[in-house]
Amino acid sequence: MIKSYKFRRVLANTLIYILLAVLGLIWISPLVYLVLHSFRAEGLATVSYLIPHEFSFQNYIDLFTDTASLNFPRWFLNTFIVAIFSCIISTLAVLMVSYSFSRLRFKARRPLINIGMILGMFPGFMTMIAIYYLLKAMGLTQTLVALVICYSAGAGLGYQISKGFFDTIPRALDEAATIDGATRNQIFWKIILPMSKPIVVYTVLTAFIGPWTDFILAKIIMGDKVDNYTVAIGLQKMVSMEFFTTHFKRFLAGSVIVAVPITILFLKLQTYYVEGVTAGGVKG
């Protein structure tokens with residue numbers, strides 16, 4: 001009976017591992033194709049084989065030097081500027097809103113929390129057309145400022161995880177600091193934030209990744225203003241009918257370049273990221 005149970009368990013585990021291995025190969029194969037063929041020297045557009053016959057760095061060199069038709073360095077700089085400013089503003093907004101809802105008690109607190117949660121249930125693309133016409137009325141369409149405003153204006157609605165983290169910090173610290181004469185502002189900046197490194201890192205990563213990878217909103221706002229494109233729009237343009245045959249390998253190289261900053265950030269800060277998510281889900 002025991003042997004039969006062990007055999008079934010081993011068989012079940014083996015089948016599960018085989019299934020996971022197959023799914024893992026399916027998941028990673030596009031990434032392998034992307035990286036390998038970003039170094040492909042032969043051919044112009046897509047090919048049927050997985051491993052290139054010749055390797056070269058020319059695709060990456062052309063990506064940053066041949067800017068006559070498609071200016072990838074300019075798009076990369078635009079995206080970096082928008083992502084940095086949006087990240088700073090969004091992080092400050094999220095942390096301050098979260099701290100206020102966690103520590104302060106006022107009449108409108110519960111209604112504001114409920115409104116924020118309800119608004120968070122609606123997808124952002126529902127408001128894109130309205131946002132476009134509002135920006136057009138203010139003369140901000142096709143500008144990087146418009147992207148920063150759109151990405152950071154509603155950041156405070158994403159307070160849930162950060163609020164849950166602040167709820168885990170003992171209130172005795174606030175009370176002790178208040179007895180010593182500290183203001184709410186001083187408590188937040190000098191006591192709470194230094195103790196909240198995991199949630200700060202989590203907020204920074206999520207606030208940076210959004211503008212860095214967004215396509216739909218940036219495309220609607222920028223229209224045909226090619227010089228102000230972000231990398232997402234630029235990469236999509238590289239695989240359009242006009243440039244597909246000549247720029248496909250550069251598109252692959254650009255996709256690898258775009259993934260590098262996010263990958264490095266996540267690998268360096270993944271410990272804090274996981275701590276922020278798990279701690280923020282303890283209380284709400």
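**Entry 1: the second largest pocket**

I began with the second largest pocket, and I found its lining to consist of Leu31, Leu34, Val35, Ser255, Val256, Ala259, Val260 and Thr263. I note here that the model is predicted. The space in this pocket comes to about 210 Å³. I then asked which helices each supply at least two residues of this lining. They are helix H1 (2–38) and helix H13 (244–280). I recorded that H13 provides the largest share, 5 residues. Sorted by class, the lining of the second largest pocket holds 6 nonpolar and 2 polar residues, and no charged residues.

**Entry 2: the largest pocket**

I looked up its lining and found 33 residues. Which of them lie nearest the centre of the pocket? I noted Cys150, Tyr151, Gly154, Ala155 and Leu157.

I also listed the helices that each give at least two residues to the lining of the largest pocket: H3 (72–103), H4 (109–120), H5 (128–137), H6 (144–153), H7 (160–167) and H10 (197–213). Of the helices, H10 gives the most, with 6 residues. By class, I found 20 nonpolar, 12 polar and 1 charged residues in this lining.

**Entry 3: Thr79**

Is Thr79 buried or exposed? Its relative accessible area is 0%, and a residue counts as buried under 20%, so Thr79 is buried.

I looked up what Thr79 touches, setting aside its neighbours within four places in sequence. The residues in contact with Thr79 are Pro211, Trp212, Thr230 and Val231. For Val231 I noted a further detail: its backbone nitrogen lies 2.8 Å from a polar atom of the Thr79 side chain.

I also compared Thr79 with Leu144. In sequence these two residues are 65 residues apart, while in space their C-alpha atoms are 8.8 Å apart.

**Entry 4: helix H2**

My last entry concerns helix H2, which spans residues 58–65. Which residues of H2 are buried? I recorded Asn59, Tyr60, Asp62 and Leu63. Why do these four lie on the same side of H2? They do so because they cover an arc of only 165 degrees around the axis.

How values were computed
Residues numbered from 1 in each chain as written. Predicted model: local features only at pLDDT ≥ 70, side-chain atom pairs only at ≥ 80, totals over all residues. Heavy atoms only, no water. Buried < 20%, exposed > 50% of the residue type's maximum accessible area, 1.4 Å probe, protein only. Arc of directions from axis to C-beta. 1 Å grid on protein atoms, 1.4 Å probe; cavity = no way out; pocket = protein on both sides within 12 Å on 5 of 7 lines; lining within 4 Å. Nonpolar A, V, L, I, M, F, W, Y, C, P; charged D, E, K, R; others polar. Points joined across faces, edges and corners; volume = space filled by probe spheres on them. Contact = heavy atoms within 4.5 Å. Polar contact = N/O pair within 3.5 Å; in protein donor to acceptor, adjacent residues only side chain to side chain.
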